[in-house]
Amino acid sequence: MTNLKHLLSFAALAGIALAQPLSADIVLIGSNPPEKSINDGDFDWNPYAPWRQYLQSPAWTTEVVSGWKAGLSAGYMSGGGAKEVHFESIELTENSAYPEMVAGDILSWRFAAKAQYPCNPRVSLALLFGERARMLVNEQAVPQGKAEVKIFEGTYTITPTDAEAGTLRVRLSAFEDHGINVYFDYVDLKVLRPETAGPRKLNAEPNKAGMQLSWSAQSDDERFSIYRSSKGRGGFEKIAGDIAGGSYTDRSIINGQTKYYTVKRTHLTPSTASPTVVARKVDNIPPKAPPNLVASGEDFVIKLEWKKLDQDTAYYSIFRGDADGNNMERIAQKVTATKFQDDLPRKGESNSYRVQAIDFSGNKSELSELATATVETVPGASFSDLILPMPIHKELRSDLWGVETVLPRDPDNGVEDGEWSYWGGKVVHDSSDGKYHILIVRWPEGDRKGHWAWPYSTVAHAISDNPTGPYEIVEDIAYDYKEGLGHNANIITLNDRRYALYSLINWKPIVFTADTMSGPWELEGEIKINLDNPIVDRAREYRYRNNLSGIHREDGSFLFVTKAGAMMESSQGILGPYEVLNRAVNHNPTIPRPYSNSNYEDPTIWYDGVQYHMLINAFLEYRAIYLRSPDGVNWKYETGFAYTPLSTTYNDGTRTHWYKLERPNVLQDEYGRATHLSLAAVDAPKREDYGNDDHSSKHLILPLNVYKRIDMLNTEPVGEITSEIKLLIYAETGFDPEKALDLESLRFGGAEAVNFGRGAKIQSTEKHEDGLILVFDGTGNEITNSNFVGKLIGKTKSDDIIVGYSKLVAE
């Protein structure tokens, strides 16, 4: 949903007054500039009320006639998808300036409302006098979707019958037909007192000195105070007082910023505030380039800092180039701080940076002076280093949906089309037909709820001859159960080479099985989980049912990772019951701060015969981490990040920058190694992805630099004191280790060492019928008790990364 909180229409270039219908000196509900809103008319009693949690404001009561919960949510009074809901204020008796109603008094009322998505939304406003209702707005239509809020306003004169009926209250009502949120932005109710009203009209015009305010004064003896805000409904600060006459120039404005003004008479007969005026002065003078740019390389990130030179700077764009300062590309935009962290700098070489300032008028500065830095880790230290450019199947196209940063792109990569929004699925190579299959989640792009139609997604079946695509939807519904409804669909390859499908259906974890990826899929039932366990987070039980990824172990047990990264296991079949084995992944002590404080979800796990692997997405930070485990239960963080929205490039150098990447999965080869990374990609914030618009989501498939197969040949466990380490690195199609390896670059040892260029060095090689034996001088391998495998890092003679893991003793 577009944030329209306290929205007033803006002037494009300069001040345009947006007067309220009349001034008033007794506020009963709502806006009371320059003071705070009264009786929570701005619905900000709890500004941190979480979206869709629906707290109840002490100034209001909620009656849901038909539907789910409703109430205060994220700064709105929200219907929460209820078909009919009423919000009623407390009795308006607390204002001592208005101890009782008087017939003939004029009430000025105003409110704003909107619906999140199309739903035939209507709203009503009634004044309640005791048990008597005066309907002022009766089920009037409101805007929906992208449209701005609608403002309703008017006046009402209290009748003798009203005055005698009882205490005044306000009732807001919302109606809709499709389970979609209809919400109120604010409501104002005031008693008009013309004799003490402030100026009836306030104008704002930009001039060379700043912003010229003007209003009508009754006499030369009147004095006024000027108030200014950045929000329009609240947050006003006094910027001038004891001003004579009817004009004032605000010389402290920042060009390009939108400001709200109001004026009050403070001498003779003090008044209430004038109507609010919104004003903005723009210029065409670009800001100066940000000075004092400093780049500091750390273990795997580079931190930038610079100085803010111009007060009218709104935000910054960050550019990164090669070691010589060439080939600059923008890696971040709308950075509001004077610092930035590059999560994916190139390892093994210098990174150069420049920063550009953009002011509130939209003018851009020249690029800053160059700053350069390197990181301490080497190529291959992080999972993100393995991500390769995507092949272009036909051509990159710009005639597709999406914002500028995701164009041009290849629509034949993964799964996408203009009719559906796609959101994740695991690529599986089925040996029965030699093709690549995805049981992919999708919903109609034109659904009235836009991206938030995902709870009603279905699972389709797509096939390709190649792992990256193009994919063809061959079945709109992959299984007959519940008409194909499902989300978070994931595949578990069973030990007998059959397949199991996990799908979240009506918020229940359902499992199907099939002999092949083409089905038919037979319903097995619902996964059962033992939640009577002290380590279970009972407040978030959904985490143990949602977003599951699983493995069928050699001993027949099933191991699943849950939404937030906790592990659970069943030895009684795929339906369980499952025992929760540990806590969410952010409790893992190997994850360094501040990354351990992230909100993690969307995990995927796999096993390659050497160790278990996990990717899990930190969805609020727009990045993911990579962990490894000897047993699938005890996980160890690997240096760096797994991917970010900057991880998607094509083999011609074109980079796309998706708003968010989620739902990771990997395609495994016959040895269990990850060969491709698949991701769900959306081009804009999910709340801004409406039906039948230019935003959507797709399935991406990125090739990976595949781990090399290596076997430990030492018959005694390798440790820090091991003097000689022998590894067999296997030859494979397209890779002859004897010819390809840059032997001097190779390092073997604990990941904590080789990720930073340390570790055991090569001392000789021996030919082997399956590849090449690498003999390392064990000195400096840094393998300790915390290491359950050894890591090999190096490069080929053509500078391709070499990475592999081995057990610490021959098997």
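Colleague: Is A74 buried, partly exposed or exposed?

Modeller: Start with the cut-offs: buried means under 20% relative accessible area, exposed over 50%, and partly exposed in between, with a 1.4 Å probe and protein chains only. A74 has 32% relative accessibility, so A74 counts as partly exposed. This is a predicted model, so local features need pLDDT of at least 70, side-chain atom pairs count only at pLDDT 80 or more, and totals for chains, interfaces and linings use all residues. Residues are numbered from 1 along each chain as its sequence is written, and side-chain values use heavy atoms, leaving out hydrogens and water.

Colleague: Where is the place of A74?

Modeller: Helices (H or I, at least four residues) and strands (E, at least two) are DSSP runs, numbered from the N terminus. A74 sits in the loop between β5 (71-73) and β6 (76-78). Its backbone deserves a look too. A74 is not a glycine, yet its phi is positive, about 55°.

Colleague: What is phi of D602 near?

Modeller: Phi of D602 is near 60°, a positive value in a residue other than glycine. D602 belongs to strand β42 (residues 600-607). D602 counts as buried because its relative accessibility is 2%.

Colleague: On to the peptide bonds. Which residues does a cis peptide bond with omega of about 15° join?

Modeller: That bond joins G576 and P577. P577 is in the loop between β40 (567-570) and β41 (578-580). Look also at L407 and P408. The peptide bond from L407 to P408 is cis, with omega near -10°. P408 is found in the loop between β27 (371-373) and β28 (420-422).

Colleague: How many salt bridges does a search of the whole structure find?

Modeller: A salt bridge is a side-chain nitrogen of Lys or Arg within 4 Å of a carboxyl oxygen of Asp or Glu. The whole structure has 41 of them. Take D42 and R233, whose side chains meet at 2.6 Å, N to O. They are 191 residues apart, so to speak two distant parts of the chain: D42 is in the loop between β3 (35-38) and β4 (60-66), R233 in the loop between β16 (223-229) and β17 (237-244).

Colleague: Are D42 and R233 buried or exposed?

Modeller: Both are buried. Now compare R540 and D537. Their closest N and O atoms are 3.0 Å apart, in a salt bridge. R540 is partly exposed, at 37% relative accessible area. D537 is partly exposed as well, at 24%.

Colleague: Which side chain does E752 meet in a salt bridge?

Modeller: E752 meets K636, at 2.5 Å from N to O. This pair also links distant parts of the chain, 116 residues apart: E752 lies in helix α3 (residues 751-754), K636 in strand β45 (residues 636-637). E752 is partly exposed at 33%, while K636 is buried at 13%. D42, D188 and R233 are joined by salt bridges into one network.

Colleague: And the rings: to what does the count of aromatic pairs come?

Modeller: Rings of Phe, Tyr and Trp (its six-membered ring) pair if their centres lie within 6.5 Å; planes under 30 degrees apart are stacked, over 60 edge-to-face, the rest tilted. The count is 26 aromatic pairs. W454 and W507 are edge-to-face, with 5.7 Å between centres and 85° between planes. W454 is in the loop between β30 (435-444) and β31 (458-464) and W507 in the loop between β34 (499-505) and β35 (508-514), so the pair ties together parts 53 residues apart in sequence.

Colleague: Why is the pair of Y607 and Y612 tilted?

Modeller: Their planes are at 35°, with centres 4.5 Å apart, so the pair is tilted. Y607 is partly exposed at 29%; Y612 is buried at 9%. Elsewhere, F87, W109, F111, F152 and F184 make up one aromatic cluster.
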